[in-house]
Amino acid sequence: MSNADVLLYGGHLAFWASFGLTRILVRFPDLPVAQTRPPVAESEHTARFSLAMLAVHAVAFMVLYLGIARAIRSNHVPSWFAGQRVVAGVLIGLGIVLVSWALAFLRSWRLRAKIAPGHHLTTNGPFRFLRHPIYAALNLLALGSAFWVPT
C-alpha cells in the first residue's frame, strides 16, 4: 500500500485532529465571545431520536472508511480527471477550516442534540451564514473523499 491515495487518510486525520484540538482550545477564555447576548434557553430539551441519528452517522462513517480502505488496498481508485486529488484535498481542507471555525464559536457543543438551561444560541462566526456549519464541514469531508476515491 505505497500509493499516493494513502494521503487521503492524512486528510481525515487532519480533520479529526483539528476537531479535537479546537475543542481543547475553546476552553481558554481569551477566545472571542459574542458581543451581544443571544436568546438563552430556560428549560432542558433533548431532540427525539438524537442517539439514533448519532448511530446512523457513526455507521455511515464506518462504511465510508471501509470503502476507502477497500479501494486503496486493492489499488482500484478510478481517475475521473486530472487534478482529481487536488480538488478532493481542497474540499477536505475547506471542511477542516469550517469545522475549526465553527467549534471556535460554538460554546455549547454536545454529541447529542440537547438544550440545557442557560444554553446560548450561537449567532456569530460561521453561524451567521450557515445553520449547521459542523454538518456542512462533515459533508465537505465526505464529498472530498468521494472525489478522491470515486468508487
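Leaving aside neighbours within four places in sequence, Val99 is in contact with Phe15, Ser18, Phe19, Ile134 and Ala137, where contact means heavy atoms within 4.5 Å. The model is predicted, so that local features need pLDDT of at least 70 and side-chain atom pairs count only at pLDDT 80 or more, while totals for chains, interfaces and linings use all residues. Residues are numbered from 1 along each chain as its sequence is written, and side-chain values use heavy atoms, with hydrogens and water left out.

**Exercise 1.** Describe the order of elements in the protein chain.

*Solution.* Begin with the inventory: the protein chain has 4 helices and 2 strands, these being DSSP runs numbered from the N terminus (helices H or I with at least four residues, strands E with at least two). Then read from the N terminus on, which gives the order α-β-α-α-β-α. As for contacts with a separation of 6 or more, 88% of them in the protein chain join residues 24 or more positions apart.

**Exercise 2.** Determine how α1 and α3 are oriented, and locate Ser100 in their contact.

*Solution.* First take the axes, which are lines fitted to C-alpha atoms, for helices over the stretch in contact, with angles running from 0 to 180 degrees between N-to-C directions. Those of α1 and α3 come within 9 Å and cross at roughly 10°. That makes α1 roughly parallel to α3, given that angles under 35 degrees count as roughly parallel, over 145 as roughly antiparallel, 65 to 115 as roughly perpendicular and the rest as oblique. On the α1 side, the contact is made by Leu8, Gly11, Ala14, Phe15, Ser18, Phe19, Thr22 and Arg23, and on the α3 side by Ile92, Gly95, Ile96, Val99, Ser100, Leu103 and Ala104. Ser100 counts as buried because its relative accessibility is 19%, and, not counting residues up to four places away in sequence, Ser100 touches Ser18 and Thr22.

**Exercise 3.** Check the span of α2, and describe how α2 packs against α4.

*Solution.* At 1.5 Å a residue, the 24 residues of α2 (residues 50-73) should span 34 Å, and the end C-alpha atoms are 34 Å apart, which agrees; the expected span is 1.5 Å times one less than the number of residues. The helices α2 and α4 pack at an angle of about 20°, with their axes 11 Å apart, which means that α2 is roughly parallel to α4. In this packing, His57, Phe61, Leu64, Tyr65 and Ile68 of α2 meet Tyr135, Leu138, Leu141 and Ser145 of α4. Among the buried residues of α2 are Phe61 and Ile68, whereas Arg73 is exposed, with a relative accessible area of 65%.

Technical notes:
Buried means under 20% relative accessible area, exposed over 50%, partly exposed in between (1.4 Å probe, protein chains only).
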